[in-house]
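These are my notebook entries on a structure that I went through element by element. I set down what I looked up and what I found.

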Amino acid sequence: MSHTNTPVVEIKAAVKHYRTPEGQAVRALDGVDLSVGANEFVTLLGPSGCGKTTLLRAISGFEQLDSGSLIIQGQPMNDVPPYQRPVNTVFQSYALFPHLSVGDNVGYALEVRGVPRKERDTRVGEALEMVGMGGLQKRKPGLLSGGQQQRVALARAIVNRPALLLLDEPLSALDRHLRQSMQRELKKLQSELGIAFVFVTHDQEEALTMSDRIVVLNGGHVQQIGRPEAIYDRPANAFVAGFIGESNLFKARVSVVDDQHAELVSDVGDTLRVRRGELQLNQQVQVLLRPEQFHLDCPGSSDSHAWLEGVVEQTVFVGKDFEVSMRTPQGSQVKAVVRDAARQALQRLHAGETLRLWYASQAAHVLAGGAR
Amino acid sequence: MSGLTLQGRNRLRLFGLLSPVTLLIGGFFVAPLLIMAAYSLAEPGMYGGVEWNFYPDSFGRVLGWADGSNEEFDIVYLEIILRSFRIALLTVLVSLLVCYPVAFWVSRLDARKRNFFLFLITLPFFASLIVRLYAWVLILRPSGFLNQFLHHLGINAELDLIYSETAVLIGLVYIFIPFMFLPIYASVEKLDRRLIEASQDLGASRWQTFRKVILPLTMPGVAAGSIIVFIPSLGNFIVPSLLGGAKVLMIGSLVEQQFLAARNWPFGAALAMLLMASVLVFLLLYVRSLSRAEALEGRP
């Protein structure tokens, strides 16, 4: 995963305003910086209206930035029309041409560039082969299933080997099973082709599975850019923590510090113990504990572990794991995921039982800027 | 009812539903058509009636085998038919050029403005056709509004448009624009804008996108509009009589003259049959292009 060489796309301080029909100004992009390296798989992740699709359409050329610069392969692209950009898109709705055969759909980009018929046929065949749709050139898109249309749209977008492939929620219309296998195929295809992918999704699982880097967007701002593990383990703020994965988030104040650890008191009075790091006495922070970081028994030395105690409210078996919801005496709700291995301890998870949930104080993540 | 099987009941229901329309078409369409066909091959009587003898010379007057013993072949009838075709085709072309871009513009308006515009398009139907055409006489005549308007602008063109082919063309385009606009609008509105984006994304210029995506996908509307405008303009007789005068005779006016003024029903019927035959050829072409378009979209 070396994408240290010159970026394929570089966006600086991108701003885009919209005006709603009611005359209200909406900031779809509010000073976004992004660079995508060659052969990198970058995912734009965020809730609907976060600006991810606007950013994608700015790269493809269907939206004009109000300000900011857009450079693709070293060339300024702000004023270049979509059809002259070295970028292709896989559209959410596939947007296959209904009047053209599969072969002509895939060959479209070549035909408009005047590539001779023979070479076109060869390259169309190769592209369809790559997406597992070889030999279906003669079919009409209307006769294909959703998954097949998806593959044709993909073949159509890669046939001309763009510098960058943009994918606008391409898997959202597929059923869960197909979506998962397409995720893996896309990832494989990307490394085979060696071209950069910018993938837009609101599905955090999809983003975590496929990406080299994830860009979390909200309200037109970049919330965090990082590798999937980094985003998951060390979210930059409460939004990222809440948007990606399940989370227990405590607003807390540092009450005791020693060399290694800090003790914090949450706003409702729960006591938490974390690695000290840079924490200062009386500092206001937020502490993130993922549900799967809890254990029913202390897994190591009690020195490096801490616990939260409360009453079990509900336990749900979700296949392999138990989801436990517990309420502390102070009133905080804590969600935990307990592995199957602890099934012997099942009686402890009955609603109404008092439960102690252990966590490694190392694992608790302290969010920067928790004072806000 | 209980004695009937489900299939029998369905058959009865189908029969009941189809008989009114069958009677209507049979009584009011097929029967008059057969009468016309019979008249076209009958001999014109001395004082306007018909003698029921086989008499192909009414067709011969137009198509060339009338030898002068009964009727005489005159090239003028073919000229009139040719002129009618030319004017009808020009009507189609002009209204197409007007309606196609406007349809795109209207389809991009917001819903309220769009509905208002569609209402405006149908507004002329609320006034009598004759009145509206006389308004065009007032506009186009030498001392009419058009020349007055040009005069006010300082242009003394003194356009003499009335009673010319141009006047007939203007009148026909005016009448048939709604018929061209509505089918084109229907297909333009259905056009998925994302396909246009996809085409541009794949490197097609605006012109390539128009030729390869927009035009083929709106072709059904264009074809439907063209047929709907072409057929009635070809046979129209009101516009040429009001705006074309005696100089621009179209086949519709000729048929009307034969029935009402010359009282030669067989010849009028023969002309009508020839007109219908040529229209049928065009309809067949349309149906064929339509089924080809459907095959293109992969529909069965």
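Predicted model: local features only at pLDDT ≥ 70, side-chain atom pairs only at ≥ 80, totals over all residues.

**Entry 1. A buried arginine in chain B**

I began with Arg132(B), which lies in helix α5 of chain B, residues 129-140. Leaving out residues up to four places away in sequence, I found that Arg132(B) touches Pro124(B), Ala127(B) and Tyr174(B). I then asked which side chain of opposite charge is nearest to Arg132(B). That side chain belongs to Glu256(B), and it is 18 Å away. Arg132(B) is thus recorded as buried and without a salt bridge.

**Entry 2. Chain A as a whole**

I turned to chain A and counted its elements: 8 helices and 19 strands. Along the principal axes, the C-alpha atoms of chain A fill a box of roughly 75 × 45 × 45 Å. Of the 372 residues in chain A, 49% are buried. I looked up the contacts in chain A between residues at least 6 apart in sequence, and 64% of them join residues at least 24 apart. Chain A exposes about 17100 Å², of which carbon and sulfur atoms supply 47%.

**Entry 3. The open sheet of chain A**

I next traced a sheet in chain A. It is open and antiparallel, with 4 strands in the order β2-β1-β4-β5. Strands β2 (25-37) and β5 of chain A stand at the edges with a single partner strand each, so one side of each has no neighbour in the sheet.

Strand β1 of chain A (residues 7-19) is joined to β4 of chain A (residues 67-72) by 5 bridges, and the two run antiparallel. Val15(A) has Ser67(A) in β4(A) as its bridge partner. Between β4(A) and β5 of chain A (residues 75-76) I found 2 bridges, again in the antiparallel sense. Here Ile71(A) stands opposite Pro76(A) in β5(A).

**Entry 4. Positive phi values**

Gln73(A) is partly exposed, at 46% relative accessibility. A second case is Asn39(A), with phi near 65°. Asn39(A) is placed in the loop between β2 and β3 (41-45) of chain A. Its relative accessibility is 35%, and Asn39(A) therefore counts as partly exposed.

**Entry 5. A strand covered on both faces**

I then examined strand β6 of chain A, residues 87-90. In a regular strand, side chains alternate between the two faces of the sheet. Strand β6(A) runs parallel to β7 of chain A (residues 164-168), and 4 bridges join the two. In this pairing, Asn88(A) stands opposite Leu165(A) in β7(A).

**Entry 6. An enclosed helix**

I asked how many of the 10 residues of helix α2 of chain A (residues 102-111) are buried. The count is 8, so α2(A) is largely enclosed by the rest of the structure. The buried residues are Val102(A), Gly103(A), Asn105(A), Val106(A), Gly107(A), Tyr108(A), Ala109(A) and Leu110(A). They pack against α3 (117-130) and α4 (146-158) of chain A, together with α8 (193-201) and α9 (206-235) of chain B.

I checked Leu18(B) in particular, which is found in helix α1 of chain B, residues 6-40. Its relative accessible area is 46%, and Leu18(B) is accordingly partly exposed.

Terms used:
Residues numbered from 1 in each chain as written. Chains lettered and ligands numbered in written order. Heavy atoms only, no water. Buried < 20%, exposed > 50% of the residue type's maximum accessible area, 1.4 Å probe, protein only. Pairing = 2+ DSSP bridges. Lys, Arg positive; Asp, Glu negative; His and termini not counted. Salt bridge = Lys/Arg side-chain N within 4 Å of Asp/Glu carboxyl O. Contact = heavy atoms within 4.5 Å. Areas by Shrake-Rupley, 256 points an atom, 1.4 Å probe, with all protein chains shown as cover.
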